[in-house]
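Dear colleague,

Here is the structure I said I would pass on.

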Amino acid sequence: MTITEVSSSATSDLAAKANRHLWGHFARHGEGITPPIITRGEGTRIFDDKGNSYIDGLSGLFVVQVGHGREELAAAAAKQAEQLAFFPLWSYATPSAIELAERVANYAPGDLNRVFFTTGGGEAVESAWKLAKQFFKLTGKPGKYKVISRSIAYHGTPQGALAITGIPAFKAPFDPPTPGGFRVPNTNFYRAPEQFSSDPKAWGRYCADRIAEAIEFEGPDTVAAVFLEPVQNAGGCFPPPPGYFERVREICDEYDVLLVSDEVICAYGRIGSMFACDDFGYVPDIITSAKGLTSGYSPLGAMIASDRLFEPFNDGQTVFGHGYTFGGHPVSSAVALANLDIFEREGINAHVKESAPAFRATLEKLYDLPIVGDVRGEGFFYGIELVKDKATKETFDDDESERLLRGYLTPALWEAGLYCRADDRGDPVVQLAPPLISGQAEFDAIYDILHTVLSEASRRM
C-alpha cells in the first residue's frame, strides 16, 4: 500500500498519530480537532485520506503555480539528488544555484542582478532587512535601521520579519519584537474615508504620502527601508491604487530609503508577470520571493538585490554575514529551473493575463448575495470581503466573525469540495488563489460552491 492508498484503519491510525505528535502551523489543537490529511494532488485538485477530492482554491498556500502531480518536477529533483544531493553556498557554489540565480536575475527589472537564496519567504524578508541595515552602515549612514510597512500586512514569522508584520495579534505572544518596525495605512479602497470614495488615485496619493510622513516623523536618517507587497495579502487582497507605487518610489528616492517589493506571494505569475512590480510599473531596490519559484515541489526563497546594494560587498573583503544551511539547495534549485521551463513552454504568465478578467467577472457574480461587500484583487489572487450590511459596509464583531468563519464557512466550504481561506486578519474575507493552470471550468466550480455556501451564511447571520 502506498501512502496515497489509505485504508480506513490506516486513516484512523494516521489521525491518532497526528493528534498525538504533529504540531500544526497556525493551527488550533485540542479534543475533537483532527487536521484533514491530504495524501495527493492532481492538476488543480487535492485528495484526502478518505478519497475525497477538493478544488485547490489557494494553490496550497499561494504556491502550486503549475498544478499538482507534475512528474517532470519530481524527476528533476531525483536527478539532481542522485548527482549532488546537498552542498552549501557558504563560500561555495553549485551549478543549479548558479544557473537559477542568472535566470531569476534576468527576469527581474532594472539592475536587480544579485540573487541571495533562502529556504522560504520569511527568510527572504529577514535577509532584506539585514542587508538594508548593513548597506547603510557600509555607506556612511549607520543610523538607518528602521522599516516602514503597512497595517495588517503579513511579512513572515522570523523575529525581524515579524516586526515588519502589521498584525498585532501575531506579534503579541512574542513581544518584544525586533526594534524598528513602524506602520502606515494600507490601500484598502473599500474602507477608504468618504472623501476618497470616488477617487482611487487620490486615495493612492494619500496612502503613499503617509509613508513620507512616517519617514519625516521617525527621522530620514533613521529609516532604512519600506516593505510593501504589490497586492497586500492579509486583510484580503488590497491592490495598489493608480499612481501609488510611482509616488512611493519618488518618496524612497527623496529620502534615500530602500523600496522592498515583498513578492513572496505575488511573484512568479500570480499577478501575471514573473515579478508583480512589472505589473504595476515600478522598480524596487530589493525583491523578496519564494512560494511559486518551485511551485512548492521543493522549499526555496530568494532575495534579489540591485547592483548598487551589492557594490559595498564586492571589494574582496566585506562579508554579508548571513545565510541558511539549505538556502539555494541544489535539489530545490534544479526543481525551480524545471518549474520555470514549464512557465515558458506553456505560457503560464500569458495565460494568467488572458484569463484574469474572466476570473474577476466570475467572482463578481457573487455581488448578488447580501453578505458580499467587496470583490477585489488582481491576476489569480482575490479576496471577497463579507459584511453584515451591504449599504453601510457594517462588518461583523469578533464573536460573529468567529461563528461565521470558523464555525461555519471553513468546514462548509471544505465539505462542499473547495479548499480556500476564510480569514479575519482585518475584516472577514474569503481568499482565493487557484493554480495558474486554472481556467473557466475551475472558475465556475469555485463560484458555484461559494454561491451556495455564502447564501447559507447570509441566511444564518
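The side chains of R70 and E346 form a salt bridge, with N to O at 2.7 Å. This is a predicted model. The pair links distant parts of the chain, 276 residues apart: R70 sits in the loop between α2 and α3, and E346 in helix α12. R70 is buried, at 16% relative accessibility, while E346 is partly exposed at 37%.

R191 and D427 also pair through their side chains, at 3.4 Å from N to O.

D285 lies in the loop between α10 and β9, and R308 in helix α11, 23 residues apart. D285 is buried, at 8% relative accessibility; R308 is partly exposed, at 39%. Salt bridges with shared partners join R191, D374, R376, E385 and D427 into one network. The count of salt bridges comes to 31.

Now the helix. α14 covers residues 398–415 and reaches 24 Å from its first C-alpha to its last, close to the expected 26 Å. A side-chain oxygen of D397 caps its N-terminal end, 3.2 Å from the backbone nitrogen of D399. α14 bends by about 40 degrees at L409, and P411 follows within four residues. Buried residues in α14 include L404, L405, Y408 and L409. After the helix comes G417, whose phi is positive, near 105 degrees.

Regards

Notes: Residues numbered from 1 in each chain as written. Predicted model: local features only at pLDDT ≥ 70, side-chain atom pairs only at ≥ 80, totals over all residues. Heavy atoms only, no water. Helix = DSSP H or I, 4+ residues; strand = E, 2+ residues; numbered from the N terminus. Expected span 1.5 Å × (residues − 1). Bend = angle between axes of the 7 residues up to and from the residue. Buried < 20%, exposed > 50% of the residue type's maximum accessible area, 1.4 Å probe, protein only. Polar contact = N/O pair within 3.5 Å; in protein donor to acceptor, adjacent residues only side chain to side chain. Salt bridge = Lys/Arg side-chain N within 4 Å of Asp/Glu carboxyl O.
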